[in-house]
Amino acid sequence: MSCLRTLYGPLLSLDFSHVEKNTLCEPFDQKLIAGFFLTGVATLFASIFIIAPYGRFGEMTKLFKVPGKFGWIVQESMSWIFFLFTFIKYSDTLLHGSHTTRNLLTAVMYLTHYFHRSLVYPLFRAHSISGQSFYTFLSAVLFCAVNGYQNAKWLIYSQNEPTFHSTIIMVVGFSIWLFGFYFNYKSDQTLIDLRNNNKDKTQKYFVPTGGLYNYVSSANYLSEIIEWIGFAIATNHCASIMFAFWTASNLIPRAVSIHNWYLEKFPGKIPKHRKAVIPYIL
Ligand SMILES: NC(=O)c1ccc[n+]([C@@H]2O[C@H](COP(=O)([O-])OP(=O)(O)OC[C@H]3O[C@@H](n4cnc5c(N)ncnc54)[C@H](OP(=O)(O)O)[C@@H]3O)[C@@H](O)[C@H]2O)c1
């Protein structure tokens with residue numbers, strides 16, 4: 001509730017006095033999170049009609065393209081750079097708070113994901129990543145920087161007294177995050193193996209199978225969304241809830257486009273029961 005009040009307070013009345021002290025970020029942070037929420041809603045609607053021109057849809061742009069791996073490393077690194085910088089800057093507040101262990105553990109969850117995503121994935125795992133439009137690259141840089149800053153700041157400010165109840169929620173959130181992280185890694189690996197093992201060099205894309213691909217075409221997106229829902233449960237603050245919402249707004253419409261692309265590109269080869277991103281539903 002405090003998250004919703006914090007969110008709608010600045011949007012509706014610009015009055016911050018009703019926000020609980022333990023979740024009170026500076027007014028700048030509250031406006032930022034409100035803006036983040038609004039751009040999440042805008043992204044949801046925009047991505048239903050416009051497909052971000054990168055990866056298999058990268059050919060749609062005629063403008064200057066940012067090379068795949070380079071763009072990926074730079075944009076995703078913004079997440080951990082801004083997170084770490086903010087975390088260190090405000091670490092005094094954190095270390096004098098009452099929920100230090102929870103906050104350090106959740107910081108490790110965030111950083112593990114982004115060290116992997118920005119460095120290990122493009123440098124050591126992905127065989128090739130297609131280029132992207134300059135606009136997509138720039139939006140990703142901005143998104144990752146704001147998201148890294150916000151998540152560190154809210155982590156530091158949202159220090160409630162640890163209770164049995166909050167510890168259980170933390171453990172549940174962490175388990176969901178771990179499940180998502182494992183399946184995201186595994187699902188990405190399925191795509192990497194498909195490209196690495198193919199003998200027909202004229203073809204770039206193949207039908208993925210196994211694991212969560214038995215249920216959905218974008219198993220990597222499904223597990224990424226699960227991961228950030230787990231993180232939001234574990235941290236229980238505004239920035240992480242907004243991040244989970246943003247991720248779903250961004251990835252669900254794209255997954256639907258990818259599913260339609262598979263159906264068109266590989267007619268008759270996609271199992272009938274396979275959905276785009278939510279098993280049995282969507
Ligand atoms: N949190 C967020 O908002 C967010 C946003 C975007 C991505 N991500 C995560 O970042 C990761 C990569 O995202 P993405 O959008 O690039 O995913 P993607 O479109 O599924 O592509 C992932 C990689 O696999 C290759 N690939 C895709 N489909 C393939 C197929 N059928 N056969 C062979 N190779 C295939 C792609 O090559 P090409 O590049 O040549 O297409 C790319 O290198 C995912 O785990 C995703 O969850 C997160």
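A disulfide is counted here as a pair of cysteine sulfur atoms within 2.5 Å. By that rule the count is zero disulfides. The model is predicted, with local features needing pLDDT of at least 70 and side-chain atom pairs pLDDT 80 or more, while totals for chains, interfaces and linings use all residues. Residues are numbered from 1 along each chain as its sequence is written, and side-chain values use heavy atoms, without hydrogens and water.

**Overall build**

The chain holds nine helices and two strands. Both kinds of element are DSSP runs, numbered from the N terminus: helices are H or I over at least four residues, strands are E over at least two. Along the sequence the pattern reads α-α-β-α-α-α-β-α-α-α-α. Of the 282 residues in the chain, 50% are buried. Buried means under 20% relative accessible area, exposed means over 50%, and partly exposed lies in between (1.4 Å probe, protein chains only).

**Helix α2**

Helix α2 covers residues 27-49. How far apart are its end C-alpha atoms? They are 34 Å apart, which agrees with the 33 Å that its 23 residues should span at 1.5 Å a residue. The expected span is 1.5 Å times one less than the number of residues. The buried residues of α2 include Asp-29, Gln-30, Phe-36 and Phe-37. Ile-33, Ala-34, Gly-40, Thr-43 and Ser-47 are also among them.

Two packed helices are described by the angle between their axes and the distance between the axes. Here the axes are lines fitted to C-alpha atoms, for helices over the stretch in contact, and angles run from 0 to 180 degrees between N-to-C directions.

Helix α3 (residues 68-89) meets helix α5 (residues 100-125), with axes that come within 8 Å and cross at roughly 160°. So α3 is roughly antiparallel to α5. The angle classes are roughly parallel under 35 degrees, roughly antiparallel over 145, roughly perpendicular from 65 to 115, and oblique for the rest. The crossing of α3 and α5 is left-handed: a crossing has that hand if the near helix is turned anticlockwise from the far one by less than a right angle, and is right-handed if clockwise. The residues of this α3 and α5 contact comprise 16 nonpolar, four polar and three charged. Ala, Val, Leu, Ile, Met, Phe, Trp, Tyr, Cys and Pro count as nonpolar; Asp, Glu, Lys and Arg count as charged; the others, Gly among them, are polar.

Helix α8 (residues 219-235) also meets α5: their axes come within 10 Å and cross at roughly 160°. α5 and α8 are therefore roughly antiparallel to each other. α5 passes α8 in a left-handed crossing.

Tyr-121 lies in α5. Tyr-121 and Trp-72 are 49 residues apart in sequence, with C-alpha atoms 9.3 Å apart in space.

**Selected residues**

| Residue | Relative accessible area | Class |
|---|---|---|
| Cys-144 | 3% | buried |
| Cys-238 | 2% | buried |
| Tyr-121 | 15% | buried |
| Asn-236 | 47% | partly exposed |
| Tyr-280 | 64% | exposed |

**Positive phi**

Asn-236 is not a glycine, although its phi is positive, about 55°. Where is Asn-236 found? Asn-236 sits in the loop between α8 and α9 (238-265). Tyr-280, a residue other than glycine, has a positive phi near 65°. Tyr-280 is placed in the segment after α9.
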